[in-house]
Amino acid sequence: MSVLNKATKEVYWRRTASTLVLVAAAAGLAACDVGFAKQTTEAPVATAPAPVVVDGRRPTIKTVTEWDDYTGRFAAVEHVEVRARVSGYLDAIHFKDGQIVQKGDRLFTIDPRPFEAELKAAEAEIANTQAALEFARKELDRARKLLRRGTTPRRTFEEREAAVRQAEAALLRAQAERDRARLNLQFTEISAPTSGRVDRHMVSVGNLIEGGDNGATILTSIVSLDPIHVVFDVDQNALVRYTRASRDGTRPSSRTTANPVQVGLADDVGFPYSGTMDFVSNQVDRGTGTIRVRAIIENDEFLFTPGLFANVRLLANPSTETMLIPDVAVATDQASRVVWTVEEGKARAKVVKLGPLIDGERVIRSGLAADDVVVTTGLHKVRPGQSVTVRQPVLKTANAASSPSNLSNGANQ
């Protein structure tokens, strides 16, 4: 009996221990589920993004003179093709190809001997007609005396009178032939019709030259150098702007006023040479939508050559109060130009209309106020409505006068 009780007790305790283990495991699992549920149901704590730190400043207000930029070419004031006026064989060339010549300098010589012979023949004809005229006048005097005496008919007197008039006309014709022969002889010496640089000779010595008004041989050409023209094209939008400015009295028309221009070569820094406008075409080219204009500039050192490209500035708006910001502060939003500003610690993009560029600063036509704080660095980090901290002290709006030669329209928009 005691053995049975002992075995029964062992079974009982084993079952009890298993039950306790299962209860403990269930309790552990329940605790894990409760912890997991608590962890997944709690929302994360949101933290506000840190403000973007940028540099900023207010626009600068300056009184400036605005210029429009164009590309032009130099052109000679005078361009002359030297041609022969008489036909003959080229006898001599009196210049070196490409040299500077002065007006009246001898350039070519055509063989003068045939023309000298023509002049002598014309002078001989004059002597002949003078003798005939002298004889006709004596005959007229005799006929006049006989007519007074009544010993000769009036018809004879009239014939003698007509003979004198014919001899006088013949003398005039002979004198004209002499003058023509003398002029042709002078034309055998071909001189420079203007001062400037001569081109190479087109015909060599010994060649037959065709002269006259039609089909005359081109011997060389001369272009004047001082002064020299600068020719460029102005687009129709700028033309309308200039016309309105002339009507409003803010800028005189280049048709009536020698507006200033500034010129620079490809290797120049800036525009070191000055000139004035002297011509505006009378119509806009239909194909290009531009109008041809011209300025004149001194060239006493022969630095400029006809056909050479030039950078040209034309006065656009004299001495106006203008708003400027750093050009790096201008961003592009699709087809618009925008500037980021800071208002009450928040970023805001403003669409602006741009003007010329001056020493790294861009003229603002519209879209900004004088007290706006413009973001100048870190534009790529700024978003609309984002908190922004201006790192640099904000400069007060400046008012200053600038040099009248420091504005150009790198991008008029």
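Reply: Start in helix α3, residues 154-187, which holds both Arg-155 and Glu-159. The two are four residues apart, about one turn of the helix. This is a predicted model. In it, Arg-155 and Glu-159 form a salt bridge, with 3.3 Å between the closest N and O atoms. Side chains of opposite charge can pair when their charged atoms come close. Arg-155 is exposed, because its relative accessible area of 61% is over the 50% cut-off. Glu-159 has a relative accessible area of 40% and is partly exposed.

That pair is one of a longer list. The salt-bridge count comes to 24.

Now go to the stretch around β18 and β19. Strand β18 covers 336-343, and β19 covers 346-358. Here Arg-348 and Glu-343 meet through their side chains in a salt bridge, 3.3 Å from N to O. Arg-348 is partly exposed at 43% relative accessible area. Glu-343 is also partly exposed, at 30%.

Next comes Lys-350. Its salt-bridge partner is Asp-372, and their closest N and O atoms are 2.8 Å apart. Lys-350 belongs to strand β19, while Asp-372 lies in the loop between β20 (361-366) and β21 (374-375), so this pair ties together parts that are 22 residues apart in sequence. Both Lys-350 and Asp-372 are buried. For each of them, that puts the relative accessible area under 20%.

Two loop residues deserve a look here. Glu-344 is in the loop between β18 and β19. Its phi is near 55 degrees, a positive value in a residue other than glycine. Glu-344 counts as exposed, with 83% relative accessibility. Gln-334 sits in the loop between β17 (330-333) and β18. Phi of Gln-334 is likewise positive, near 55 degrees, and the residue is not a glycine. Gln-334 is exposed as well, at a relative accessible area of 78%.

The peptide bond joining Asp-226 and Pro-227 is cis, with omega about 0 degrees. Pro-227 is in the loop between β11 (218-223) and β12 (228-235).

How values were computed
Residues numbered from 1 in each chain as written. Predicted model: local features only at pLDDT ≥ 70, side-chain atom pairs only at ≥ 80, totals over all residues. Heavy atoms only, no water. Buried < 20%, exposed > 50% of the residue type's maximum accessible area, 1.4 Å probe, protein only. Salt bridge = Lys/Arg side-chain N within 4 Å of Asp/Glu carboxyl O.
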